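Visitor: I am new to this structure and would be grateful for a close look at one part of it. Could you please take me through the aromatic pairs?

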Amino acid sequence: MHEEDPIIYREIHEACAPATPQLAETVLDQDYVTGPSQVQSELTKSKLFHDSTTSSNPDMGDGRTGDSSQMWQDGPCIENGREVHIEEEFPEVKVDFQETFLGHTSPISRCRFSASGNNIASASIDGTVRIWTYDSSTPASRNATIYCGAKIMSLDWECKSDRLLLIGTADGGIKAWNVDAKRVVCDLSTTEAFPSVLDLKCSPVEPIFVSAAASKGNGSSSNDNLGFASLTVWNMKTWKPVTVLPLGKDPPAITSLCFNHNGKILAASATDGMIHMFDMAAGLQITGWPAHDSAISSLLFGPDETSIFSLGSDGKASISWFCDAESSKLCRHEMALDANGRRLLVTSGSVRAPIYQVRGQRNGLRTLPHTAAITTVDWHPTLPIFLTGSADNSVRVTSIL
């Protein structure tokens, strides 16, 4: 087999409705998701995972502040003055089809759908990135293996097309891979002081991207081993740095980045539990607030962009134990929101990943199992199809009913 040919197995599953456990539910803002009651959903949790998530309202220039509120808590929930106990497990998702990609030889650190959803990039801790497609009707001419020579810390596709993939590494490298030419068209480096490229985000409108790099710390854990932060804006036409966003003196490492829909606002989360908001036109920070008591590992704008989803390792959004001691060395916790803003998929130290429902009366779900921890997740940009990458070296594409 040619090294660039993916190994994909397709599994067709019967759609059978499992027994529905009684789950405690906490309602978000009433205007958060609109639509028929049968398709509205609510963010719920299972005691099996012992985690929680926050919804924060950032200051968008109208005087509102970033007011963090906890969506759910560990243990019994108090709802309408009574205690509601949470069941042990979510029901399993009803799957239309599922495909497993076995092209990697080491645990998966990142996986991302392209802008159209036709191509997938997945990275392994051995320093390789694979480009592949799960759809037999999509040409496989872009399939490739990219050897980066260092641990992959971040991946992001160009937002307007599937042409470019950005790759950030642990040795300060940022590569731009052209999927049509099948070659690296630009090989950038951060300064030696900030070697870990923890996240990369392309603007949805402008030909720019932002890199979040960190210096080395002195601790033994993944967060303590990160030092200070550097946020750099790069021009994707000249491949040169444009500006460095201000973070103050000796800022804690930035772990996750997210643009709003028009690219005017950039949100950034840090290891000290802070969320920072930047006005990209001015290149200035417009607000910031403490959302967690410890590090935040993943950040997302809500679908109406009046809220921010954040995952951390504190009591509000603790998913730190999703990855066990061994698998936590392989991944940084992640979450992904589907195209309709109704389902939140989260990484897990379990072989299954939870899918939380954002409003409505439906319960949460859990994915079909891998054989090791779920280390990275993503949703298709338009369809009910999600990606899960695992410490068992596999990446799965799952279409759900």
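Guide: The model is a predicted one. By the rule applied here, the count comes to 7 aromatic pairs. One of them joins Phe90 and Tyr356, whose ring centres are 5.7 Å apart and whose planes stand at 85°, so this pair is edge-to-face; the angle is over the 60 degrees that this class requires. Phe90 belongs to the loop between strand 5 (82-84) and strand 6 (95-101), whereas Tyr356 belongs to strand 27 (residues 354-357), so the pair ties together parts that are 266 residues apart in sequence. Phe90 has a relative accessible area of 1% and is therefore buried, because buried means under 20%. Tyr356 is likewise buried, with a value of 0%.

Another pair consists of Phe113 and Tyr134. The centres of these two rings lie 6.3 Å apart with their planes at 80°, so this pair, too, is edge-to-face. Phe113 is found in strand 7 (residues 108-113) and Tyr134 in the loop between strand 9 (128-132) and strand 10 (144-147); the pair therefore ties together parts that are 21 residues apart in sequence. With 6% relative accessibility, Phe113 counts as buried, and Tyr134 is buried with a relative accessible area of 9%. Phe113 and Tyr134 also belong, together with Phe97, to one aromatic cluster.

Conventions:
Residues numbered from 1 in each chain as written. Predicted model: local features only at pLDDT ≥ 70, side-chain atom pairs only at ≥ 80, totals over all residues. Heavy atoms only, no water. Phe/Tyr/Trp six-rings, centres within 6.5 Å; stacked < 30°, edge-to-face > 60°. Helix = DSSP H or I, 4+ residues; strand = E, 2+ residues; numbered from the N terminus. Buried < 20%, exposed > 50% of the residue type's maximum accessible area, 1.4 Å probe, protein only.
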